[in-house]
Amino acid sequence: MPTPDAPPADDLALGDDLRAFVDASPSPGHAVAELVRRLSAAGFTELAEIDRWTLAAGGRHYVVRHGSLIAFRLGNGPLGDTGMRLVGAHTDSPTFKVRPHSGIHQAGYRLVGVEPYGGGLWHTWLDRELTVAGRVALRGGGTALVRLPGAPLRFPSLAIHLDRSVREGLTLDPQRHLVPVWGGDLGEEPGLVEAVAAAAGVGTDDVVGHDLVLADTQPAARAGADGSWIAAPRLDNLTSCHAGLLALLAAPAGERTQVLVCNDHEEVGSGSMAGARGSFLEDVVRRLATATDPGDPEAVHRAIARSWLVSADMAHGVHPTRAERHEPAHQPRLGGGPVVKLNANQAYATDAATGGWFRERCGEAGVPVQSFVMRADLPCGSTIGPLTATRLGIATVDVGIAQLAMHSCRELTSALDVPLMVDALTACFTD
């Protein structure tokens, strides 16, 4: 059976780069590290929140707060006179977090105690080869990123012969059923704590805390008959972090300051010092306004009033066998370009002005645009857009790339949408 002709290699190149970005980012801490690596290679330098900042027009810098990052290119004009163009995304995805006391011995096995993080499709994590990744706190105040080699963990399914009721539907109790197995309980063999300490290059007594998550070990891959799809974990929302980064690097410097903010903890409500409900973005914006216009006490308010934020998070592509779950007139397709997301009850921050502004920028860049609204008889999810708009009072549009299997252990999107979103966000930064 013949297969469709594959798109030109150039159309898929940024999709391949997204796959590399995802593979390098098994946890929010690793995603920030990969962002930092790429920003540093492009000439951006780090600013520490505890230091006094000396900034100059055209300066390129980034700031890290735990699993979140803000990068910016300072414009030539004072913030209060020019405003900003911002793109927001998030670094976290649904997963499982390792508990402080994680060692479990049961039925002749050694298991690892975990807790669900976010609203995942947990059945998709069964029978997959998993590892542990994240940040560990070290004695003396240091931290280290770790990623265990191999695939030490797995959630094994129960055979149908032992539970015929699964034919009527699978029910998973997260406390009892979603406890990954590490290996056989042989007594004194090293467990997770020892493996994490070894990966950090320290003794077990030197690990005083951790933020560790489970991650699928299967690399991101091309998929689909023509190879234009991307199958990967954590596409929601590393795809938007990646697109925002490439757009920031591609956008030419100008009068306005350009800002990329990638927040942690979106999947659990954003209520943290690093999340969109926290002060991170506001703190940085205030410091930028003070640095560019120190004599104007109203500079930050004037700057925000002149600014636009694009909140980039993944969108629901129409499902091939469940199209009835979508609003009939709003069914985004994979490969069809960025999706503007709207909700009458403000689950998305898009309004007439912000949606129109984004569509104009896409038109200037030659990028097609789609629309998404939820069915009136289904609840709508949300994202960082409304939270940031509420905290700062900034004009915000919610957009995303269409995908299938959102919140699955392994999701699906189109590589053809990656350059389209990069071009759209570049146009927004350049406006």
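A: Let's begin with a charge and a ring: in this predicted model, Arg 287 lies over the face of Trp 53, at 3.9 Å from the ring centre.

Now to rings that pair with rings. A pair of aromatic rings is described by the distance of the centres and the angle of the planes. The count of aromatic pairs comes to 4. Take Phe 96 and Trp 122: their ring centres are 4.5 Å apart and their planes stand at 50 degrees, so this pair is tilted. Phe 96 belongs to strand S5 (residues 95–106), while Trp 122 sits in the loop between strand S6 (109–117) and strand S7 (130–138), so the pair ties together parts that are 26 residues apart in sequence. Both Phe 96 and Trp 122 are buried.

With Trp 308 and Trp 357, the centres are 4.9 Å apart and the planes are at 10 degrees, so this pair is stacked. It links distant parts of the chain, since Trp 308 is in strand S14 and Trp 357 is in helix H8, 49 residues apart. Trp 357 is buried, with a relative accessible area of 6%.

Rings also gather in a group: ring pairs link Phe 96, Trp 122, Trp 125 and Phe 155 into a cluster.

Helix H8 (residues 352–365) lies across several strands, including S14 (308–312) and S18 (395–400), and runs at about 55 degrees to S18. Both of these strands are part of an open sheet of 9 strands with mixed pairing, in the order S1-S2-S3-S13-S4-S14-S18-S16-S17. At its edges stand S1 (45–46) and S17 (370–372), each with a single partner strand, so one side of each is left without a neighbour in the sheet.

Notes. Residues are numbered from 1 along each chain as its sequence is written. This is a predicted model: local features need pLDDT of at least 70, side-chain atom pairs count only at pLDDT 80 or more; totals for chains, interfaces and linings use all residues. Side-chain values use heavy atoms; hydrogens and water are left out. Two strands pair if DSSP finds at least two bridges between them. Helices (H or I, at least four residues) and strands (E, at least two) are DSSP runs, numbered from the N terminus. Contact means heavy atoms within 4.5 Å. Axes are lines fitted to C-alpha atoms, for helices over the stretch in contact, and angles run from 0 to 180 degrees between N-to-C directions. Rings of Phe, Tyr and Trp (its six-membered ring) pair if their centres lie within 6.5 Å; planes under 30 degrees apart count as stacked, over 60 as edge-to-face and the rest as tilted. Buried means under 20% relative accessible area, exposed over 50%, partly exposed in between (1.4 Å probe, protein chains only). A charge sits over a ring if NZ of Lys or CZ of Arg is within 6 Å of the ring centre and within 35 degrees of the ring normal.
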